[in-house]
Each structure stands twice: as C-alpha cells, then as structure tokens.
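Student: I am new to this structure. Please take me through it one question at a time.

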2 protein chains.
Amino acid sequence: MTPRPAQRPRPAVPRCELCTLHARCLPLGLEFDALQSFDDIIRLPQALKRGQALMRQGAPFTSLYVVRSGSLKQTVAQPDQRDQVTHFYLPGEIVGLDAIGEEDCHGSVVALESAFVCELPFTRLEVLAERLPELRGRLYRCMSRELRRDQRMMCLLSGRTADQRLASFLLGLYERFSARGLSPYRFFLSMSRSDIGSYLGLALETVSRVLARFQEQGVIAVTGRELTISDIEALEALALASAPMTPA
Amino acid sequence: MTPRPAQRPRPAVPRCELCTLHARCLPLGLEFDALQSFDDIIRLPQALKRGQALMRQGAPFTSLYVVRSGSLKQTVAQPDQRDQVTHFYLPGEIVGLDAIGEEDCHGSVVALESAFVCELPFTRLEVLAERLPELRGRLYRCMSRELRRDQRMMCLLSGRTADQRLASFLLGLYERFSARGLSPYRFFLSMSRSDIGSYLGLALETVSRVLARFQEQGVIAVTGRELTISDIEALEALALASAPMTPA
DNA sequence: TGAAGCTCTTGATGCAGGTCAACGGAAATG
DNA sequence: CATTTCCGTTGACCTGCATCAAGAGCTTCA
C-alpha cells in the first residue's frame with residue numbers, strides 16, 4: 001500500500017556526533033565518551049507520516065523524542081470544545097518534557113508532515129543522567145526553557161491583539177529556524193490556518209485576514225503555506241505594539 | 001510602627017519533619033535520613049512584608065523558595081505595557097522552577113501579604129539530588145507539573161470567556177487550598193482585581209463585574225477580598241461551558 | 001475525468017469585553 | 001486628624017474579533 005519508509009533507517013546504531021543537529025540537540029556540550037553513552041540509549045529513528053500520532057493523550061509515558069526532521073503539533077483535548085493546539089515542534093526540539101515525572105502523556109502529538117524522530121527511553125536517560133551531571137543540567141535547562149516559553153505564550157495570549165500574536169508567532173518561527181541553522185526568512189508553514197488559530201487563540205478567519213493584511217503592508221509574502229518574511233523589522237514592530245489607530 | 005515579625009524565626013536550624021507543610025512540600029516521600037540532609041541545606045526562613053520582592057527579574061538565580069505562609073505573585077515586565085502577572089504562589093508551592101538551569105530570574109516575585117519562605121540554595125540542592133534519586137524525581141515532577149499547569153493556563157487564555165476564566169481561577173484556588181489542607185470554601189483573595197485581571201487576560205472592571213454576577217447567581221459571596229464559594233458545582237459548570245445564550 | 005472533500009479567502013453582522021469616566025470606601029501617609 | 005492614594009464598583013460607549021455564510025482553489029480518489 002504505502003511505500004516503505006525510506007528503505008528503513010540505515011545506521012543500526014545512530015551516531016549523535018554524525019547528526020547534523022548534533023550541535024543544537026540535547027547532548028550539546030557532552031564530552032566525547034559521554035556522547036557515546038548517549039548513542040547507546042537512543043532507539044532507531046522513527047519515521048512518521050503526516051497525521052500519524054507519536055503519542056496519545058493519556059497513554060503511558062515512556063520516552064522523550066527529539067525531532068530530527070519535519071514538524072509536529074501537540075494538542076490537548078478540551079472538555080467541551082475541540083482539541084486545542086498547545087505546541088509546535090520543529091527539528092532539534094524535544095517532545096515530552098511535560099510528561100517527565102508523570103505517568104501519562106499530557107497531550108497528543110501528531111506529525112504535521114513526514115517526520116523523523118529519535119526516541120530516548122526515559123528510564124535509560126535517567127540512568128545515564130545519574131553519572132553525567134552535565135546531562136542533568138541540560139535536562140533542567142530544557143525544562144525551564146520550556147517553562148519560560150509557555151509563560152511568554154501566556155503573556156501573548158493574555159491581552160495582545162491578533163496582529164501582535166501573529167507577528168510574534170512568525171518571529172518565533174524565524175528565531176527557531178535560525179537557531180537550527182534552517183532558512184529563517186523563507187519557510188513552509190506545515191500547520192493549517194486552523195492550527196495556528198487554535199494555538200494563538202484566534203479564529204482561523206482572523207489568521208487568514210491578518211496574514212493578508214501583513215502581505216498588503218509588505219511585511220511578508222504568503223502563497224498558501226509558503227511564507228517569506230520581507231521586512232523583519234516591521235514584523236518586530238508589529239509584535240511589540242499594534243499599529244496606532246491614528247496612522248499619524 | 002509595625003509589630004515585629006513574630007519575634008524572629010526561632011529554630012536556628014529548621015526541621016522539615018516538624019513543618020505543617022511537610023506532607024505536601026518538596027521533600028515529600030523522602031526517607032528519614034534523607035529528610036535530615038534536606039534540613040541541612042535549608043536556609044533560615046525569610047519573612048517578607050507585603051510588597052517586598054523575593055526576586056527581581058534579571059537578577060542572578062541562586063535559590064528556589066518554598067512558600068511556608070502567605071502568598072506571592074510573579075510578574076514579567078512587558079516591552080510596551082505594564083507588568084503582567086504570570087503566577088500566584090500559595091503555601092507549599094515552589095518559586096523559581098523556571099530559573100533552574102538558567103543564569104537569571106525570569107520574572108519578579110513579590111509578596112502579596114506578609115509571608116514566610118524557606119530558601120533552598122540550588123547548588124546545595126543539586127549536590128543532594130546527586131545521591132538522592134527520589135529527590136531528582138521530585139524535582140522533575142514539580143517542573144513538569146508546572147509545565148502542565150502553564151499549558152492549562154494557555155488553553156484557558158485562548159478562547160475561553162471571562163466567566164469561564166474567573167470560574168476556573170476560583171476552582172484552581174479551591175483545589176490548591178484543599179491540597180494544602182487550608183480552608184477551600186472560604187478564603188482571602190490576597191491579590192487585587194487588577195492582579196487577577198492581568199493574570200487572566202481581562203480588564204479589572206470585567207473581573208469586578210463577573211464576580212458581582214456570580215454573586216447574584218448565588219454561586220459565590222464576595223465582600224471586598226473575602227470570598228466564599230457557595231455552590232461549587234455551579235462553579236464547575238461555569239468553568240466548563242459559558243451559560244448558553246438561550247436560557248432554555 | 002469528475003465528484004467530493006479539504007483548506008483558504010473574503011464579506012457581512014453582532015456581541016463580549018475593553019476603554020473611559022465618575023464615585024464611594026479603605027488604607028496609607030504626614 | 002486631614003489628605004492623598006489606591007482599590008473596587010458601576011455605567012455608557014465602542015471596537016476587535018468571533019461567527020455565519022458563500023465561494024474559490026487544491027487534493028484525493030473512484
């Protein structure tokens with residue numbers, strides 16, 4: 001039916017030091033031999049197809065995952081309403097931090113496009129962390145980074161206009177792509193307008209309209225899901241303060 | 001002028017096992033001798049007066065703090081606007097998790113009323129965690145709990161009505177007071193309407209109005225900052241779905 | 001190739017809640 | 001004690017965005 005997932009991942013034992021993301025990934029800063037221990041605990045990279053679930057809300061938590069390529073979204077089922085998108089995961093980012101120390105997965109995570117992820121069984125990671133203080137530090141740091149990110153998000157959702165939210169969202173993508181060494185000015189939005197709206201607390205129509213307006217203003221160029229940032233400074237200005245009502 | 005803060009904290013070396021919060025605090029589940037090691041690293045409880053800062057945004061991070069009594073708020077300075085309230089801390093809760101692994105404090109934390117906090121110098125805590133796997137687990141769990149809490153908050157801020165936000169906020173307080181063994185149905189709101197509004201992404205006038213309406217509906221009773229939950233089930237109903245426009 | 005879904009766009013309309021304003025009461029300050 | 005400042009409430013008004021609706025590509029699949 002479906003084509004085999006790219007022949008099957010070849011290196012039976014993945015080598016972190018060979019990975020292009022090596023410099024930005026979790027094991028950043030580990031000594032050479034520590035890095036090798038790290039290799040030992042990583043499971044074969046998994047291939048995911050668009051729409052395929054990596055974890056399901058409420059399922060038992062066993063592993064962290066690092067995104068190698070592609071992108072995913074996390075959704076949390078709301079009591080009454082639809083699912084709410086709570087996170088987008090890009091290459092180099094870690095899925096599952098919000099489940100550490102808990103029994104079950106906090107939300108569902110599904111691939112937005114074809115993706116590869118590296119699995120880190122958490123019990124093994126913990127054993128390794130026992131003798132690698134640096135790794136512990138990395139883990140703490142990742143979690144507190146995430147805490148800060150969520151708090152920025154809370155600030156964004158609480159009392160910012162649609163324009164500011166969209167502009168901040170695009171800037172966030174810009175920064176994350178930059179940090180991973182990916183093209184930051186021109187990229188593909190793997191998520192739908194509806195996903196973006198859910199994430200930003202906006203109706204999908206509003207997302208569409210605001211993007212259209214940004215385009216009119218010459219700040220970005222969008223064709224479907226292909227997006228180009230034309231004027232990053234204007235975008236930053238938009239993110240900080242909404243255009244004054246009086247265009248002066 | 002003001003009465004001395006309760007003579008000065010007497011026990012030169014605090015004893016976790018004697019603390020009333022012992023059963024709910026960070027060292028929960030530690031063995032007896034582990035608990036004693038824990039005692040060793042805790043600094044003398046600090047007294048804070050209303051409005052006094054425990055940490056300032058950008059200051060170097062050195063310690064976690066556990067709230068023993070009173071309450072605090074965390075605020076994050078926004079580029080353009082006023083400070084935004086990002087957290088309220090109640091007795092038994094831990095301040096500073098979002099700074100672990102980082103150099104500096106993420107937000108400012110100030111006391112909302114007279115408060116006592118226990119200081120946990122993080123470097124010592126880390127040393128202790130090295131030989132106490134349980135403590136590590138506790139720390140991870142605390143951080144991921146916080147991550148989940150923030151995500152619930154994001155969901156709340158994104159696309160819930162003012163009624164739902166207020167109801168959820170009050171329910172949250174109910175649960176947190178319950179969990180600490182404090183009176184959950186009748187309590188004192190140590191934060192201003194403005195703080196609540198900032199936290200929930202609402203104008204302070206809206207907070208005032210919604211509380212008044214809840215009171216009319218007989219769900220709560222408020223007099224200034226004294227609040228009583230009269231009908232917890234109605235409150236839960238309000239938190240889930242806003243009253244339908246058609247009152248059937 | 002055509003039909004049936006999606007996703008995205010664009011327009012029209014209405015309302016939840018933000019903003020402005022005024023006032024009463026409580027708490028801080030000298 | 002008087003004064004100032006802050007806090008909470010309530011009313012009137014207005015706007016940003018959700019909602020409803022319709023239609024235009026794009027993709028999928030028989």
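Student: How many residues of chain A are in contact with chain B?
Tutor: The model is predicted: local features need pLDDT of at least 70, side-chain atom pairs count only at pLDDT 80 or more, and totals for chains, interfaces and linings use all residues. Residues are numbered from 1 along each chain as its sequence is written, while chains are lettered from A and ligands numbered from 1 in the order in which they are written. Two residues are in contact if their C-beta atoms, placed from the backbone, lie within 7 Å. Chain B contributes 32 residues, and their partners in chain A number 32.

Student: Which element gives the largest share of the side of chain B that touches chain A?
Tutor: Helices (H or I, at least four residues) and strands (E, at least two) are DSSP runs, numbered from the N terminus. Two elements of chain B give two or more residues to this side: E5 and helix H3 (133-157). The largest share is 14 residues, and it comes from H3(B).

Student: How many residues on that side of chain B are charged?
Tutor: Ala, Val, Leu, Ile, Met, Phe, Trp, Tyr, Cys and Pro count as nonpolar, Asp, Glu, Lys and Arg as charged, and the others, Gly among them, as polar. Here 14 residues are nonpolar and 11 are polar, and the number of charged ones is seven.

Student: Which element gives the largest share of the surface near DNA strand D?
Tutor: A residue is near a strand if its C-beta atom, placed from the backbone, lies within 6 Å of it. 19 residues surround DNA strand D, and the closest are Thr161(A), Ala203(A), Thr206(A), Ser192(B) and Ser208(B). Helix H6 (204-216) of chain A, plus helix H5 (193-200) and helix H6 (204-216) of chain B, each give two or more residues. The largest share, six residues, is from H6(B).

Student: And which element gives the largest share near DNA strand C?
Tutor: Of the 19 residues around DNA strand C, Ser192(A), Ser208(A), Thr161(B), Ala203(B) and Thr206(B) come nearest. By class, this surface has eight nonpolar, six polar and five charged residues. Its largest share is six residues, from H6(A).

Student: How is H4(B) oriented to H6(B)?
Tutor: Axes are lines fitted to C-alpha atoms, for helices over the stretch in contact, and angles run from 0 to 180 degrees between N-to-C directions. Helix H4 (residues 162-179) of chain B packs against H6(B) at about 75 degrees, with the axes 10 Å apart. Angles under 35 degrees count as roughly parallel, over 145 as roughly antiparallel, 65 to 115 as roughly perpendicular and the rest as oblique. That makes the two helices roughly perpendicular.

Student: Which residues of H6(B) does H4(B) meet?
Tutor: H4(B) brings Ala162(B), Asp163(B) and Leu166(B). Across from them in H6(B) are Thr206(B), Val207(B), Val210(B) and Leu211(B).

Student: What is the bridge partner of Met55(B) in E7(B)?
Tutor: E2(B) and strand E7 (residues 108-111) of chain B run antiparallel, joined by two bridges. The partner of Met55(B) in E7(B) is Val109(B).

Key. Two strands pair if DSSP finds at least two bridges between them.
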